[in-house]
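Let's walk through this structure together, one question at a time. Have the sequence and the 3D view ready.

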Amino acid sequence: MKVLVVYCHPVPESFCAAVRDAALEAIAAKGCEARLVDLYAENFDPVMRDCERREYNDRAPTDPALGAHIEHLKWAEAIVFIYPTWWYGLPAMLKGWLDRVWATDVAFELPNGPGPIRPLMTHVAKIAVITTCGAPRWWSHVVGHPGRKTILRGIRALCGWRCRTLFLAHYLMDSSTPETRAAFLRKVRRKLREF
């Protein structure tokens with residue numbers, strides 16, 4: 001299986017970086033091929049400019065900086081998103097990547113008239129979210145897990161009909177310990193191998 005790992009964290013030595021490395025190890029151990037998109041390392045521009053928005057409903061993005069990202073999406077059979085949950089949702093960098101790359105004639109096709117959009121990511125059979133979260137699990141559920149819903153409901157709707165999902169979160173990250181972090185990394189490796 002061809003797995004695209006989309007990683008979003010600005011600090012190279014963060015715990016999210018350890019999560020990324022654990023995920024890549026698990027993917028390789030399973031014999032899958034992986035590609036890593038590190039949004040901060042490549043200084044991805046998440047800002048959609050006015051001209052890009054004006055053309056959004058008419059055609060696929062024409063910005064050459066998005067070409068490799070679009071090619072990665074077309075290549076992938078599974079996608080693993082790794083990011084910190086900030087203010088209950090996705091980091092702005094990752095949200096901007098979704099806005100700009102998961103676009104018309106890339107991830108979906110708009111109808112000529114009334115009717116639903118047509119998904120174009122049907123080759124993606126699995127989506128995983130691995131995140132860290134400062135809040136406790138119960139409060140994240142009260143707030144509604146906006147980041148989780150964006151990816152595992154909204155993005156998943158553009159993928160294969162039977163697309164499987166996985167969600168892993170290290171809650172209470174701000175008060176985590178070396179033991180809780182090590183346990184979470186073990187869980188990431190195990191769950192990804194099973195997934």
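Buried means under 20% relative accessible area, exposed means over 50%, and partly exposed lies in between (1.4 Å probe, protein chains only). This is a predicted model, where local features need pLDDT of at least 70, side-chain atom pairs count only at pLDDT 80 or more, and totals for chains, interfaces and linings use all residues. Residues are numbered from 1 along each chain as its sequence is written, and side-chain values use heavy atoms, leaving out hydrogens and water.

Q: Is R100 buried or exposed?
A: R100 lies in helix α4; helices are DSSP runs (H or I, at least four residues) and strands are too (E, at least two), numbered from the N terminus. With a relative accessible area of 3%, R100 is buried.

Q: How many residues apart are D63 and R100?
A: Their side chains meet in a salt bridge of 2.8 Å, N to O. D63 sits in the loop between α2 and α3 (67-75), while R100 is in helix α4, and the two are 37 residues apart.

Q: Which residue of helix α7 pairs with E25?
A: Side chains of opposite charge can pair when their charged atoms come close. E25 lies in helix α1 (residues 15-29) and its partner in α7 (residues 178-194), so the pair ties together parts 164 residues apart in sequence. The salt bridge is 3.1 Å, N to O, and the partner is R189.

Q: Why do the buried residues of α6 line one face of the helix?
A: The buried residues in α6 are G147, I151, L152 and I155. An α-helix has 3.6 residues a turn, so residues three or four places apart point the same way. Seen down the axis of α6, the buried residues line one face because they fall within an arc (taken from the directions from the helix axis to the C-beta atoms) of 110 degrees.

Q: Which elements do the buried residues of α6 pack against?
A: Contact here means heavy atoms within 4.5 Å. The buried residues of α6 pack against β3, α4 (92-101), β6 and β7.

Conventions:
A salt bridge is a side-chain nitrogen of Lys or Arg within 4 Å of a carboxyl oxygen of Asp or Glu.
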